[in-house]
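Okay, thanks for coming, everyone.

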Amino acid sequence: MQDNASRPLALVTGASSGIGADLARELARHGHDVVLAARRAPELDALATELRTLGAKATVITKDLSVPGSAREFAAQIETSGMHLDVLVNNAGFGDVGPFANEDPDRIDAMIQLNVAQLTALTRAILPGMVTRRRGRIMLVSSTAAFQPGPNMATYCATKAYVLSLGEAIARELRGTGVTVTTLCPGATHTGFAAESGAAALPLFSSSLVPKMTSAEVARAGYQAMMKGKPVLVTGIINKLVAFSGPVFPRFIVFPVAKLLLGGDTP
Ligand SMILES: NC(=O)c1ccc[n+]([C@@H]2O[C@H](COP(=O)([O-])OP(=O)(O)OC[C@H]3O[C@@H](n4cnc5c(N)ncnc54)[C@H](OP(=O)(O)O)[C@@H]3O)[C@@H](O)[C@H]2O)c1
């Protein structure tokens, strides 16, 4: 067991399940104390108990990060409690399936708040302290959805394109500061995401022809990339091919492939 006074401190949003929970496990296993944030307290408490057995100090903060202003409030809460973050993992997020014209406007608002606005605000609030201390690792969780528009998941794909653009730009700005930003782009991953986003029946998740990773595999690769200060990581070989062909292939190829994976009635 390590000396708690010298352990780096990591905050993980969306730590109550899936990729976030496994990133928190990865961080604890590698000697970090952790602050676990999400809405579901029982899941966060259970994970905190598990991580304490690894020698980590684990603090639970329940927070709905789809509420405007929540990230600033959260950052202020962290500062008031005297915690100095060495690692910030912006992982909380959800998706939505269906034609844009039929999407629930409230769900669109909440998705943009969580995936975009509060992710941006939390990063902006935590970053200056890291720069002053000349030490810090930030992860933004995007997706392979970031690399091309996604009819039938239009808003979600657009939020993830924003995250990738933001992450790459900040990573560049921060060169030489001692602080790095890694944008993690998983493809289809076995988590609660598909059910929560109404995406479970899409070929992307239901077809055995589409390879899926486990959240533990994604977290392991993501943790390593973040610690190396790698600006972008697309997890998995097939996902890399899909991601890097998205921006270079013409749309008459990209859209039919997107339709095969995301379904929908788009001609
Ligand atoms: N699974 C995939 O195929 C896949 C692929 C690419 C990218 N991603 C991205 O990976 C990230 C993690 O998703 P996952 O796959 O691990 O799915 P997940 O198991 O559903 O986890 C989502 C996490 O986000 C949290 N969350 C949702 N709404 C929130 C809110 N309003 N406030 C605070 N926390 C909230 C959830 O916690 P509570 O419900 O307790 O609040 C949960 O901990 C997301 O950003 C997702 O877009 C997933």
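So, to start: which residues in α1 are buried? Keep in mind that this is a predicted model. The buried ones in α1 are Gly-18, Ile-19, Gly-20, Ala-21, Asp-22, Leu-23, Ala-24, Glu-26, Leu-27 and Ala-28. That's 10 of the 12 residues, so I'd call α1 mostly covered.

On the helix itself: α1 runs over residues 18-29. From its first C-alpha to its last it reaches 17 Å, close to the 16 Å you'd expect at 1.5 Å a residue. Just after α1 comes Gly-31, which has a positive phi of about 90°.

Now, what does the covering? Let me take two helix partners in turn. For any pair of packed helices, we describe things by the angle between the axes and the distance between the axes.

Partner one is α2, residues 41-52. The axes of α1 and α2 come within 10 Å and cross at roughly 20°. Anything under 35 degrees counts as roughly parallel, and α1 and α2 are therefore roughly parallel to each other. The crossing is right-handed. On the α1 side, the contact is made by Ala-21, Ala-24, Arg-25 and Ala-28, and on the α2 side by Leu-47, Glu-50 and Leu-51. By class, that contact of α1 with α2 has 5 nonpolar residues, 2 charged ones and no polar ones. If you look at the spacing along the helix, remember that an α-helix has 3.6 residues a turn, so residues three or four places apart point the same way.

Partner two is α8, residues 215-228. Here the axes are 8 Å apart and the angle is about 55°, and α1 and α8 are therefore oblique to each other. The crossing of α1 with α8 is right-handed. The α1 residues involved are Gly-18, Ile-19, Asp-22, Leu-23, Glu-26 and Leu-27. They meet a set in α8 that includes Ser-215, Val-218, Arg-220, Tyr-223 and Met-227. The contact of α1 with α8 divides into 9 nonpolar, 2 polar and 3 charged residues.

Let me stop on one of those. Leaving out residues up to four places away in sequence, Glu-26 touches Ala-219, Arg-220 and Tyr-223.

Okay, over to the loops. Where is Thr-144 found? It's in the loop between β5, 136-141, and α5, 154-173. Thr-144 is buried, at a relative accessible area of 13%. Setting aside residues up to four places away in sequence, Thr-144 touches Cys-185, Pro-186, Gly-187, Val-234, Asn-239 and Ala-243.

The loop between β5 and α5 also holds Asn-152. Asn-152 is buried at 12% relative accessibility, and its phi is near 85°, positive in a residue other than glycine. As a reminder, most residues other than glycine have a negative phi.

Last one: Arg-134, in the loop between α4, 105-133, and β5. Arg-134 isn't a glycine either, yet it has a positive phi of about 55°. Arg-134 is exposed, with a relative accessible area of 52%.

That's my tour, so over to you.

Note on methods. Residues are numbered from 1 along each chain as its sequence is written. This is a predicted model: local features need pLDDT of at least 70, side-chain atom pairs count only at pLDDT 80 or more; totals for chains, interfaces and linings use all residues. Side-chain values use heavy atoms; hydrogens and water are left out. Axes are lines fitted to C-alpha atoms, for helices over the stretch in contact, and angles run from 0 to 180 degrees between N-to-C directions. Helices (H or I, at least four residues) and strands (E, at least two) are DSSP runs, numbered from the N terminus. Angles under 35 degrees count as roughly parallel, over 145 as roughly antiparallel, 65 to 115 as roughly perpendicular and the rest as oblique. A crossing is left-handed if the near helix is turned anticlockwise from the far one by less than a right angle, and right-handed if clockwise. Contact means heavy atoms within 4.5 Å. Ala, Val, Leu, Ile, Met, Phe, Trp, Tyr, Cys and Pro count as nonpolar, Asp, Glu, Lys and Arg as charged, and the others, Gly among them, as polar. The expected span of a helix is 1.5 Å times one less than its number of residues. Buried means under 20% relative accessible area, exposed over 50%, partly exposed in between (1.4 Å probe, protein chains only).
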